[in-house]
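Subject: The structure I promised you

Hi,

Here is the structure we talked about, with its sequence. Have a look around it first, then read on for what turned up.

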Amino acid sequence: MHLFKRGRAAIGNSLGRLLFPAICAGCQSAVTRAGSVCPECWTKLRFIERPYCEVLGLPFSYDLGRGFLSAEAIAEPPPFARLRAAVLYQDLASHLVTALKYGDRTDLVPLMAGWMRRAGTELIAEAEVVVPVPLHAGRLWRRRFNQSAELGRHVAKHSGVAFAPLALKRVKATRSQVGLGHKQRQENVRGAFRVADPRRFEIEGRRVLLIDDVYTTGATAASATRALKRAGALDVDVLVFARVGPGLASALASGTA
């Protein structure tokens, strides 16, 4: 009976591969394994590895020593403890983010969240609860799902960390951050988040891992972090799929991008 079940499962898997062949998450060309990218698309990803700023995760062009901070982290220390990102927000990475967020490509979640788990190993090891950056109710209704929540759900499930998707609420219907400078982004999300009293028990006294898809100037992450800390979070780390590189980050901060 056991061999029969295994054989039936093997036939089912083969039939599934025939009907739904594995394709590259980037260019849709054929690949050997589902949830992967082809060699050509792989070269379009810039994974963030050390050396980088220990606070903001900004990659350095050469090794300045463990614990070295970027000028951005020194000039304007964020309210969160550490940020980690899997890749730089460019080329294929930006395509994947757009496809997930606006193209309903939830099939990309395992791939993207898997890279996030690799990038955030040290953060996950210390986290006590995973909290996604929420969408406002109106935007969630239009989009039908929250991409940050889907990424966070996968990270939590495969890391054995508690998941609290309803702990943080977006109480202000903010405009899109796209095209806004740093100061405009800060003002746009000021007071946008709150932890409702019935949900404080999920946050209070715990180290929170805040999940989002993209980090640009940090205005959203900072606003969400402050709300979590007001609710009694012991500390907050941030884990995202992609973050902008040093050049674009500086341009956004100065309002020239």
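Among contacts in the protein chain between residues at least 6 apart in sequence, 72% join residues at least 24 apart. Do keep in mind that this is a predicted model. The chain has eleven helices and seven strands, and 48% of its 257 residues count as buried.

Now for the inside. In soluble globular proteins, nonpolar side chains tend to be buried together. Here, the largest nonpolar core has 40 residues, and V37, L96, M112, W115, L151, L209 and F241 have the most contacts inside it. Two or more residues each come from β1 (83–88), α4 (91–102), α5 (109–119), α6 (121–126), α8, β6 (207–215) and β7 (235–243). The largest share, seven residues, is from α5.

Setting aside residues up to four places away in sequence, F241 touches A85, A86, V87, A93, L96, V97, M112, W115, M116, D212 and D213. Apart from this core lies another one of 34 residues, among them A167, L168, L228 and A231.

Next, helix α8, which runs over residues 147–157 and is mostly covered, with eight of its eleven residues buried. Which ones are buried in α8? They are Q147, S148, A149, L151, G152, H154, V155 and A156. At the N-terminal end, N146 caps α8, with a side-chain oxygen 3.0 Å from the backbone nitrogen of S148. H154, which sits in α8, has a relative accessible area of 15% and is buried. Neighbours within four places in sequence aside, H154 is in contact with V109, P110, A113 and R117.

Then there are the charges. Side chains of opposite charge can pair when their charged atoms come close. This structure holds 16 salt bridges. In one of them, R82 pairs with D237, and their closest N and O atoms are 2.8 Å apart. R82 lies in the loop between α3 and β1 and D237 in strand β7, so this pair ties together parts that are 155 residues apart in sequence. R82 counts as buried at 15% relative accessibility, and D237 counts as buried at 1%.

R207 lies in strand β6 and is buried, with a relative accessible area of 16%. Which residues does R207 touch, not counting those up to four places away in sequence? They are A81, R82, E126, A127, E128, V129, L234, D235 and D237. The C-alpha atoms of R207 and L234 are separated by 5.1 Å, although the two are 27 residues apart along the chain.

R207 also forms a salt bridge with E126, where the closest N and O atoms are 3.8 Å apart. E126 is in helix α6 and R207 in strand β6, so that pair ties together parts that are 81 residues apart in sequence. E126 is partly exposed, with a relative accessible area of 41%. The side chains of R207 and D235 meet in a salt bridge as well (4.0 Å, N to O). This pair links distant parts of the chain, with R207 in strand β6 and D235 in strand β7, 28 residues apart. Put together, R82, E126, R207, K229, D235 and D237 are linked in a network of salt bridges.

Finally, a few spots on the outside. Y62, L64 and F68 form a nonpolar patch on the surface, with about 310 Å² of accessible area together. F68 is in the loop between α2 (39–42) and α3 (71–75) and is partly exposed, with a relative accessible area of 40%. P246 is in helix α11 (residues 246–254), and P246 is also partly exposed, at a relative accessible area of 36%. Leaving out neighbours within four places in sequence, P246 is in contact with L58 and P59.

Cheers

Terms used
Residues numbered from 1 in each chain as written. Predicted model: local features only at pLDDT ≥ 70, side-chain atom pairs only at ≥ 80, totals over all residues. Heavy atoms only, no water. Helix = DSSP H or I, 4+ residues; strand = E, 2+ residues; numbered from the N terminus. Buried < 20%, exposed > 50% of the residue type's maximum accessible area, 1.4 Å probe, protein only. Contact = heavy atoms within 4.5 Å. Polar contact = N/O pair within 3.5 Å; in protein donor to acceptor, adjacent residues only side chain to side chain. Patch = residues over 30% accessible without salt bridge, like charges linked within 9 Å, V, L, I, M, F, W, Y side chains within 5 Å. Areas by Shrake-Rupley, 256 points an atom, 1.4 Å probe, with all protein chains shown as cover. Core = buried A, V, L, I, M, F, W, Y, C linked by side-chain atoms within 4.5 Å.
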